[in-house]
2 protein chains.
Amino acid sequence: VTNMFRIESLAIGDELLDGRVVDKNTADLGDALSQLGLELQGARTVPDRRALIVGALKDAARRSDILVTSGGLGPTSDDITGECIAEAAGVDMRFDDEAFERIKGMFAFRGIPMPDSNRRQATLPATSRTLINETGTAPGFVTPLVVDGNACEVWSFPGVPNEYRHLLQTYLLPHVRERASTRVLVRRTLRSLGAAESAIGERLGALEKENPDVRVQYRAAFPEIIVRVVVEGDDVTKCEQRANDVAARARKDIGHSVWGEGDEPLEVRILRVLENRKETLVTAESCTGGLVAKRITDVPGSSSVMLGGVVSYANDVKIAMLAVPPAILSTVGAVSEETARAMAEGAQKRMGASWAIATTGVAGPGGGSDDKPVGLVWFALAGPGRATIAVKKKFPDFGRERIREMAAAHALRMILEAATGAAS
Amino acid sequence: VTNMFRIESLAIGDELLDGRVVDKNTADLGDALSQLGLELQGARTVPDRRALIVGALKDAARRSDILVTSGGLGPTSDDITGECIAEAAGVDMRFDDEAFERIKGMFAFRGIPMPDSNRRQATLPATSRTLINETGTAPGFVTPLVVDGNACEVWSFPGVPNEYRHLLQTYLLPHVRERASTRVLVRRTLRSLGAAESAIGERLGALEKENPDVRVQYRAAFPEIIVRVVVEGDDVTKCEQRANDVAARARKDIGHSVWGEGDEPLEVRILRVLENRKETLVTAESCTGGLVAKRITDVPGSSSVMLGGVVSYANDVKIAMLAVPPAILSTVGAVSEETARAMAEGAQKRMGASWAIATTGVAGPGGGSDDKPVGLVWFALAGPGRATIAVKKKFPDFGRERIREMAAAHALRMILEAATGAAS
């Protein structure tokens, strides 16, 4: 990748290194840059210590054009980012009267007296340019820093995620967008379930070799493997055509484990498809314990499709709430095709839905047998005017949580495929 | 803090720099080290590019005793951490037959053929020591790396969070704990729900001032705020006494939002209490959509207490499955005290459980009104031989997901308090 700029990130703060806070600003910055076809070259995190901050500033400024710092702009004594930048640049500090008036104004607006410590937030490196922050008291600033003959611009934002994002979007992105506008970057995303990352990598080995100009990226987002095809060039139409061709071939090469394309999660797809068909959905879960219902109801507006569900752990609940015949439970047991079918059909009928998905299996860690090992799950799907389908899967025993996640994803996939298959 | 070792972290992977993945491993490592009284000195993230990885390895190895890398141990062509470490150390690669047998075994266990690319995962730096990974195919390894006369140990773990944590806890923590063992560090953890972090910080302001030798750490683990009191010293008994005293005062100062102490999650506590009392539990969820059931059934062995649950989004499902009187729904509506009570009592009776918890509210983003705004939730709890209790809460509108999480946590807290209150 040829970058217009070399861009790095430096996050500052003890709380990022002792586990109290997960740094999300770096991912935010990376995401925003990658949407412009730019690349974040590296990121670093240092504690609130002067020598380490100054060292990291100089180190990054030596090899980058833009360095984005986050954190250390607060009013307390451990907020020393501005001072460290001034030290690295060999300049004094200046007091920004205008910024100070804004800070005083924010306190006045809230009707509380301003602690004197907030003066610190208006004290900035002498050579910096102030960036007005509409979302908090700390202004951002940009300071030139030349190290070993390399001229770097240091952009300093607060660490609070919404303030960071505000300054990023208001100032930095327009600045880099202008200079990045000649490049084209086209992406296609394939989403798969049920195949290992290594198996997918192998199936795409030939494609990767034959298309050295195309980047193929793999990402495990359990239980999915997400494959992204990235094409770079000068011409939008050509890049899109090429990305479409390569993605189509990749989809064929990977095979059945691809369930869809794009960034839309399974549950969102399902809801969109069923809403268009004016159909409704209910769940009848044993081993997944509410996870399928939770994933569907996570989506805003899901209530137009999702009527409800039953979590039936105990056999008595399967009988009372889903009308599973006791004879089935006493002969073939709860983890069986017959029970799965009865659960789906009972849920569909009792709750009056178009579709009902049922899961019953052994999530472990206990409860497995030779016959019905941990990871064995029966699924059944009852649909409108069609025969109920039942499928057995044996998931690898990656532990209770992951078995439940794999089973829930498989259940969702069954719904999507049946609903879209029926549509065609 | 005086450090026994200088420890740094290096995360490797394009996905960490283009916004696809937020790096949580660094925070995990920092948290684990801080619990041993050790400090993570710095962290860095680089893309999957050989020159940048080798450069970052050498740079960090120059100034640290332990460097922990995460990522780049997979089977695909962009997984090059091992090769880069070998290059930095100036050594060849070795093929680890034993590790390879384990990888083959994992595929055999799953009953699928092993792609040849997985051989890469058994190809490690010649001077490395292998760390067996029980949770995935990629083994970890430790490689000595001497740069400018400084001897650093490079510990390499997979980037997948649960595999990273497994190797961290199995190998690295025992190793550093041994060398850190002369210090005494006692912690007490308070868990709270419903108060903002800043409000809790304010309530503990006097305590912090009066006990300058005690560290008070705040952590937001949504929807909980977790407060940790840390006492350091030479004498275990004295430190424990002091930690207990300060924690007791902190609990009093914070007030009712503290629901418990220690590391045990709410759902685990509930299951333990109900199991001891030989009582059972069911759920009747509207706005939380299965999240309460999911949290409870996440816990292994939960089936001895948890019989099942109903997710009743649609009014017809509330009527059909939970026997909510239609007249209630048509007069006071689904989000009401009466509906919550009827849901809890219907679930308790229909599923034959000791306890039934019900939630009905407005999770948003749509569906709110002046009367019943987004964030309003009614809870009801039916218990054995006692009157059903109902509570109304208005959660701040932090968005659908967070409202659901706050509501689920509150529902769990109601169960715990009623069940333990009844026991006393």
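Author: Buried area is the accessible area (1.4 Å probe) that two parts lose on being put together, summed over both. This is a predicted model, in which local features need pLDDT of at least 70 and side-chain atom pairs pLDDT 80 or more, while totals for chains, interfaces and linings use all residues. Residues are numbered from 1 along each chain as written, chains are lettered from A and ligands numbered from 1 in written order, and side-chain values use heavy atoms, without hydrogens and water.

Reader: How much area is buried between chain B and chain A?

Author: Carbon and sulfur atoms give 58% of the area buried between the two chains. The total for chain B and chain A is about 5,600 Å².

Reader: How many residues does chain A bring to the contact with chain B?

Author: Contact means heavy atoms within 4.5 Å. Chain B supplies 71 residues to this contact, and the number from chain A is 68.

Reader: Which residue forms a salt bridge with A:Arg295?

Author: A:Arg295 has its partner at 2.7 Å, N to O. The two sit 28 residues apart, A:Arg295 in helix α10 (residues 291-297) and the partner in helix α9 (residues 266-276) of chain A. Both residues are buried, and the partner is A:Glu267.

Reader: Is B:Glu134 buried or exposed?

Author: The closest N and O atoms of B:Glu134 and B:Arg102 are 3.4 Å apart in a salt bridge. Because B:Arg102 lies in helix α4 (residues 97-110) and B:Glu134 in the loop between β6 (129-131) and β7 (140-147) of chain B, the pair ties together parts 32 residues apart in sequence. At 55%, B:Glu134 counts as exposed.

Reader: What is the relative accessible area of B:Arg191?

Author: B:Arg191 forms a salt bridge with B:Glu224, with 3.0 Å between the closest N and O atoms. The pair joins strand β11 (residues 224-233), which holds B:Glu224, to strand β9 (residues 184-193), which holds B:Arg191, in chain B. B:Glu224 is buried because its relative accessibility is 7%. B:Arg191 is buried too, at 9%.

Terms used
A salt bridge is a side-chain nitrogen of Lys or Arg within 4 Å of a carboxyl oxygen of Asp or Glu. Helices (H or I, at least four residues) and strands (E, at least two) are DSSP runs, numbered from the N terminus. Buried means under 20% relative accessible area, exposed over 50%, partly exposed in between (1.4 Å probe, protein chains only).
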